[in-house]
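Trainee: Can we go through this one together? I'd like to know what backs up each label.

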Amino acid sequence: MNPLDKARICLNIILERKALNPVLFEVSKLTSIADYFLIASGKSSRQVQAIAQHLRMRMKEVGFTLLGAEGERDGHWVLLDYGDL
């Protein structure tokens, strides 16, 4: 699957948990660490945690491997690394 399709799947998944103001950036020409960044907000740290948990679960179901995660415990911000996304 190409990185843009993967990013669109991820976007749809976070919208299932009502993520706010999602923005998908193509960064492939700016950095070698990823092709896309997806940034979104939540109304509270609890919602941010719920969005992250849901994303982890659904991405695993679809067959994508999580390479790294940070910030989930506090929920002020969360970074989930799926390689090219």
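**Pocket and helix pair**

Mentor: The largest pocket's lining gets at least two residues each from α1 (3-16), β2 (36-41), α2 (45-62) and β4 (79-81). This is a predicted model, where local features need pLDDT of at least 70, side-chain atom pairs need 80 or more, and totals for chains, interfaces and linings use all residues. Numbering runs from 1 along each chain as its sequence is written, and side-chain values use heavy atoms, with hydrogens and water left out.

Trainee: Which element gives the largest share of that lining?

Mentor: That's β2, with six residues. Helices here are DSSP runs of H or I with at least four residues, and strands are runs of E with at least two.

Trainee: What makes α1 and α2 oblique to each other?

Mentor: Their axes cross at roughly 135° and come within 9 Å. Under 35 degrees is roughly parallel, over 145 roughly antiparallel, 65 to 115 roughly perpendicular, and the rest oblique. So α1 and α2 count as oblique.

Trainee: Which residues of α1 and α2 make the contact?

Mentor: With contact meaning heavy atoms within 4.5 Å, K6, I9, C10, I13, I14 and E16 of α1 meet I51, H54, L55, R58, M59 and V62 of α2. These contact residues divide into eight nonpolar, one polar and three charged; Asp, Glu, Lys and Arg count as charged, Ala, Val, Leu, Ile, Met, Phe, Trp, Tyr, Cys and Pro as nonpolar, and the others as polar.

Note on methods
Axes fitted to C-alpha atoms, helices over the stretch in contact; angles between N-to-C directions.
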